[in-house]
Amino acid sequence: MRTIRFSTVLMILVLILLSVVSAILLSSAYLAAQRALQQEIIQTYHRDQRTLLSLLGEQFSNIYQISHELIEVNELSSALDRNDHIGIRNIVDSLLDGDSGQRIDAVVITRSSGELVEVRNTGIINLNLPLNSISRRPQISGRWHSIHEQSGNTDHYLMRLVLPIVEPELGEVVGQLNTYVLLNNNYWLMNQLQQLFGSNAISLSHQKNLLGGLEHNPGELAQLREPTTIINQVEARKEFILRDHFLKIDASESFSIRMLLPNSAFTALKDTYFRTLIHAAIAVIVFGLLAIWVIYRLTHRSLAQLINYAEQVPESGVPASFSGAKFTEFDRVGHALELMLLRIQDRDQRLASIIDNSPDLIFIKDIAHRYRLVNQRMADVIGQTPEQLIGQVDHQVLDNGVMEVVSAADEQILSTGKPLSYELKMSSPSGQITLLMSKFPIIDELGTPYAIGGIATDITAMKQAEGELKLAQQVFEETAEAIVVLDAEQMILTINRAFTEISGQTLTQGHDAIKAFLQSHPDSLEAFASNSRWQGECVLKHRNGESVPVLVSITPLLSPAMEPRFVLLFTDITELKAAEVRLERMALYDNLTGLPNRSLFYQRLEQCIEAPRNRDHWNSAVMFLDLDRFKSINDTYGHNTGDALLQQVANRLHACVGAKDTVARLGGDEFTIIVRDIQNLGQLKSIAQRILGSVREPYDLGSIRCFTSTSIGIAIVDKDGKDTETLTRHADLAMYQAKERGRNIVQFFDENLNAQNQQRNLLEEGLRAALGKKELFLNFQPRFDIDGERVVGAEALLRWHPAGQDPVSPAVFIPIAEDSTLIVDIGRFVLKEACLAAAHWNQSGAQIPVSVNLSPRQLRDTRLLLDLEQALNESKLDPHLLELEITETHVMENIDEVIHTLDLIRAMDISLSVDDFGTGYSSLIYLKKLPVSTVKIDQSFVRDVPDDDDDVVLVQAIIQMSHSLRLNVVAEGVETQAQQEFLRNVGCDELQGFLLARPGTVEQLMEKADIDVVETA
């Protein structure tokens, strides 16, 4: 076979390899440079974006500072007060002479009266922009906003800043400063950006509208505007870079700033690449030739030495001939190596078989701690292959903690020359393992250690079993359950500490205790006879004689010698039994008073109904009690005092009835009583009266002494109901009737009560449908001046006329609506209709406000302010022509809850008045807190004046008190001339009543108001 010279082939491959590697490296470098250049362009864009926003933000901040300094000039507010336009302009011009001031294109000052003063207009000259109209538009002060205006066919964009001008002494806002910067063709803005970024061209635009631009050479601005969109805001082309920035100041819209920048880096990169490519080709040729010569010399000489060395290795036997090499040099090397392989083959096979099949870890490493031999088991523990481990040192494959132990052991072996055994814990891919390590020195012919051998046995399972055994023993001793192990003869083999604690018996004393226990529970012996499991709830006798409730389980086991064993597990359930008792009491008894709760009450009432009747007794009855004004006590003195009161009430109720009767608390301040086996109706009344008297007695609650009463409703078993639900409901109805009759009384259930309740439910259902059927409408009662000659207001009054029926009185359906959520929806309807009606008559020339009664539920409704705003917007009624009437009693009782809502209503320019004044607190202090402008004296005080001296004094006091607070006073229910004359004499401001006008339609009100007369007034 003809051979080829290895050196010749190697030289050709080296030359080809150098050429390919050079080309790959240069191409990769060129592409990487391109990517780096592109990344640098993107990073530069983001950096310049931040610079742009920072620069323009600073410029507009300077303009804001100048504007703020301007409004703080005291002479400006004085000039505004004097309406001195020339003085205002001089003040503004003196502060705007600086560079930042010159960037303000226009300044307009708005007075509180609405008058405008255009004090500066440098940048918007010859532009027909309605600055006066713009300045009247509302805008959040202290922030820049963008404005878009069209003048002819041109879109103009301005930046507007609004700042309030405050009179320094009174703190009153006397006007506002409007600062304008025109973005169209803004030279200072575009020039600064072009100088800052060195761009060839720059433009400012909003969407498709170009607002201005600058260019060095003609056509660059058009080239800048050519692409409609720029992907990722930056685009690099061969000759230039196109960037799209955004501009946004405070709350303004976002504007686009495009820049055209030169792209010199790309051209330089391309030229450099071609020059480098030429130089690389020359270098490859030169270094390739040099490498060919060097490789030739090295391979020729080195291979000759290797061949000579291999051929001189002494060995007996005739090796098989080597053939098949293509290169002459390697053909000779192959024959030499074949001789060595035959010598070591047999020995390596025997040693490798022993090492690789050993279950132990076997390794050899030199004195530099470098692994020279590693078996498969060792490699598996390390998590590598034997080939990977060969040549590595300890610190490359072992963690720091293991390295300290291994290094110390190796040093001891090398210093003493003696074997060493120790335990080693280390991590492996399968987890933490424990090894019994045996190491020994490997010594040369001179007795010097030149390597370290090691054999490690995995003892992890043995250690784990030992630990589990110790843990099981510890668990056995420390578990809270008592454990006893018996043999087949029921003799104790062992017990734990918990058994001694539960029974008080030691191991020697426990035999008799266990025998006594098993004999007292014969069913447990079946587990021993049938070799099966058993569990039961039992009693274990303590050494002191007490009985301990326990849960016992018996489990049969087999010992290692296959002998039967039985494990008795005792669980002390004393606390569980006590908890069951407590849980049962919590489920059936009230936690606060200790009385039966609703559940137990219904159980006992059911038992009472189902029990056979005694002929000697009349019947049983259910009393339903509710404390009067308990909420007031709770709110005044706190919940702790209220709880103490409920406890005392429970004790008194319990003392008023017999032992077989049941007193229960249903919740809150509601109590029920089951009175059993009453003789007659008189006895039942006597018990109820005794309860009323007992509850009325004063209550001493620590430092507090308070009073309460109760209302009682009674339903008699069989007569008023034959089931628990009916009896309780009828007693509850009777109780509510007692409250309506004045509280602190007893009311027996009557079918008429049920009929009234049903009638009330029917009215409520009809009222719910009335809105949709348009059965509700408004009448308006005029309000006159004190002389009765001029209508100064009108009160909206709700009316309900169901289809095909007689009208329903407001005194009937308004309380029904108040008790449900209907009043909120109805109130929203009244508010909307009243505003629409008022807008109608005021559009006709009148200035007559409308008054709308606001219910307590509406006042607590979270949508009230939204409803007010919606009603005013839909009707286009001026807010000052709407007056809301609030009831004195409700507001005074909940003043802290509603004062914030009333302040917000007043801030909407809506008037507030107190209705039915005099029927509640009538406190000057409370009245002073409310943001009201009118007080309406309740008609109950006007009805008997001037004949009733008490009412005369009361009305005079109300008028004087209201006038002292600068409040308008309206008298309601005026029906006689004498009442009108009296009210005029004591200074009342306005009148309302049947004397002057009854409620009517809008048209009747407009006729009564005499609109022409109102206009001349």
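## A tilted aromatic pair

Phe528 is buried, with a relative accessible area of 13%, and Phe566 is likewise buried at 3%, where buried means under 20% relative accessible area, exposed over 50% and partly exposed in between, for a 1.4 Å probe and protein chains only. Their ring centres are 4.6 Å apart and the planes meet at 45°, so the pair is tilted; rings of Phe, Tyr and Trp (its six-membered ring) pair if their centres lie within 6.5 Å, with planes under 30 degrees apart counted as stacked, over 60 as edge-to-face and the rest as tilted. Because Phe528 lies in helix H17 and Phe566 in strand S20, the pair ties together parts that are 38 residues apart in sequence; helices (H or I, at least four residues) and strands (E, at least two) are DSSP runs numbered from the N terminus.

This is a predicted model, in which local features need pLDDT of at least 70 and side-chain atom pairs pLDDT 80 or more, whereas totals for chains, interfaces and linings use all residues. Residues are numbered from 1 along each chain as its sequence is written, and side-chain values use heavy atoms, leaving out hydrogens and water.

## An edge-to-face pair and the core

Phe780 and Trp841 form an edge-to-face pair, 5.4 Å centre to centre with 90° between the planes. Phe780 belongs to strand S28 and Trp841 to helix H26, so this pair ties together parts 61 residues apart in sequence.

Both residues are among those with the most contacts inside the largest nonpolar core, which has 81 residues; such a core is a set of buried Ala, Val, Leu, Ile, Met, Phe, Trp, Tyr and Cys residues joined through side-chain atoms within 4.5 Å. Helix H26 supplies the largest share of this core, 12 residues.
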